[in-house]
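Welcome, and let us walk through this structure together. Have the sequence and the 3D view ready as you read.

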Amino acid sequence: MKENWWKALGVIIIIYTFIAGLGAPLKHGISGVNPSSAQTGKLLDLDVVGYNSHYTVGDETMRAWLRMDLANSVDTEEFLIQADKIEVKDERNAQLQFRIPAYLPTTDKVKDFTLIVDNEANGPAVIPQAVFVTQDSINPAAAKAFPSATLDGVHNEWRFAFPYRTILYETIRNTYFHVALWFAMLFLFMRGIWFSGRYLFMGYDPVDDAKAMSFTAVGLLMGMLGLITGAIWATYTWGEPWSNDVKQITTAIALLIYLAYFVLRDAFEDEERRGRVSAVFSVFAFVALLALIYVVPRLTASLHPGNGGNPALGSDDLDNTMRMVFYPCIIGWCLIGAWMANIMWRTRALEIKALDDE
Amino acid sequence: MTILKEIYWLLQKEIVLEWRQKYAISGILLYVLSTVFIVFIASVNPKREVWNSLFWIIVLFASVNAVTKSFVQENGNRQLYYYSLVNPIAILLSKVIYNTLLLLLLSFLSWAAFSFVSGDQVKDTGQFFAALFLGSTGFSVTFTFISAIASKAKNSATLMAILGFPLIIPVLLSLLKISANALRLMNDTNVAADMWTLVAIDFALLGMGILLFPFLWRD
């Protein structure tokens, strides 16, 4: 049992991934704002529709602000308007009343405002570009008469919930499957190539060949699962399962290469020859794959995070709660994959031994 | 420098061998002409974007066909004889050089034939020739090595395609970009960087081939 601790760890992490990753709720969000435009010097009645919100619970503590976008602002300080009156209709619906000042501290005719809604039960929800305010006449100096509200006492305490993001919504949980499966695939392919190299340079040990084959096979499985989960995700976020994205193409080619590896293996009957030739191919193919990973992204931009101006992992995409699931789950999927490969090559090693004994 | 001398003699052997059985080279040259004509009939007066991709597809398929035979044509016993006479690396390198020359000839012919039937679309001839040279080298390195792998198995023609095509994609994509620039489909100010990338890929694949070939030829 002592040397098998990593298998138990893998199972525990994967169970944790499923429970926490699928079970934890999304944070409080705003799914609808109406109307989306306003005039200066008038009262604005804003209907908001919440997501995962409990407006009736934190009724008295509820507050809301409109925060002006800082581009072209005359001073660098934030300009906020606090809601005067808040009327909660039910758990998900509320009406906010803002008194929009006659002048805004900006030289822009139309200015976008971020809406922030906060109460004790939900925590804050932030929706950028919620309301566009049109100025009748531009006079930043006169705006001094309307002091900014202050954003204090927001209930920003930590809760085990994932961020609410437009376009992504609940699909954000796929991070723990799609992205983590990729990492596991890379890890398994690397192991496979490592054992291919070992087979060639360490005297053609048939067990090394069995290991190389098993790690590659499980890596292929993880890659296909990654492709499928990615295609499902893309259906909801990019609008179609396949959009010829750079990473989709790279992946498809990588899978083609490793499927060819298995066809090549089947072409030989002699074990030693099969091991040797397929190991040579897998190492050679790895260099071509590295070239591919270097070349393809330079041809077109990608829709994936981290490419073409999209935010990458580790910046806005992952908050601390997500990190608590995301980092362990990469390790978990790698361990589970390694366990599967372990069972595969040990079976193969037993077969080789049985053949030798005959 | 015995290896250079060996490469020289082996190269001479390849050329003499090719010259004695002329059907192989004339077959592949005719293959290019027929393919160009078929493609021309299927897409009369292709636009420049289509011209670019069709041209490289023709060269790609002709290359696979031309290179496949390099290790397959000679039977195992004769190869064993060669390996006992010379350094195996010299055999690989001589075949790579020979195939590069052959593919260069092939791609020039494809370009001439394709320009003849559907008009020359190339605006920057120097850049296009550079693409042809780098392309021939890349195709030759990859397919020669794959042919060495495939020759170890039965049914090597299918194996050539399924093993070779995914591996050639990085070379092909860089080529399409450089030649799109030579056709003025796009105006890339940094085309030199793409060429150096391609040179680097060619060398990386060649280096890997030299490293791995000793494991392959032994039987």
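A residue is called buried under 20% relative accessible area, exposed over 50%, and partly exposed in between, with a 1.4 Å probe and protein chains only. This is a predicted model, in which local features need pLDDT of at least 70, side-chain atom pairs count only at pLDDT 80 or more, and totals for chains, interfaces and linings use all residues. Residues are numbered from 1 along each chain as its sequence is written, chains are lettered from A and ligands numbered from 1 in the order in which they are written, and side-chain values use heavy atoms, with hydrogens and water left out.

Which residues of α2(B) are buried? They are B:A24, B:I28, B:V32, B:V36, B:V39 and B:F40. Seen down the helix axis, the buried residues of α2(B) fall within an arc of 150 degrees, so they line one face; the arc is that of the directions from the axis to the C-beta atoms. On the face turned away from that buried side are the exposed residues B:Y23, B:L30, B:I38, B:I41 and B:A42.

Now for some charged pairs. Side chains of opposite charge can pair when their charged atoms come close. A salt bridge here is a side-chain nitrogen of Lys or Arg within 4 Å of a carboxyl oxygen of Asp or Glu, and the whole structure has 14 of them over all chains. Staying in chain B, B:D194 and B:K177 meet in a salt bridge at 3.4 Å, N to O. B:D194 lies in helix α8 and B:K177 in helix α7 of chain B, so this pair ties together parts 17 residues apart in sequence. Both B:D194 and B:K177 are buried.

In chain A, A:E271 forms a salt bridge with A:R348, their closest N and O atoms being 3.3 Å apart. Because A:E271 is in helix α5 and A:R348 in helix α6 of chain A, the pair ties together parts that are 77 residues apart in sequence. Salt bridges that share partners join A:E271, A:R348 and A:E351 into one network.

Definitions and conventions. Helix = DSSP H or I, 4+ residues; strand = E, 2+ residues; numbered from the N terminus.
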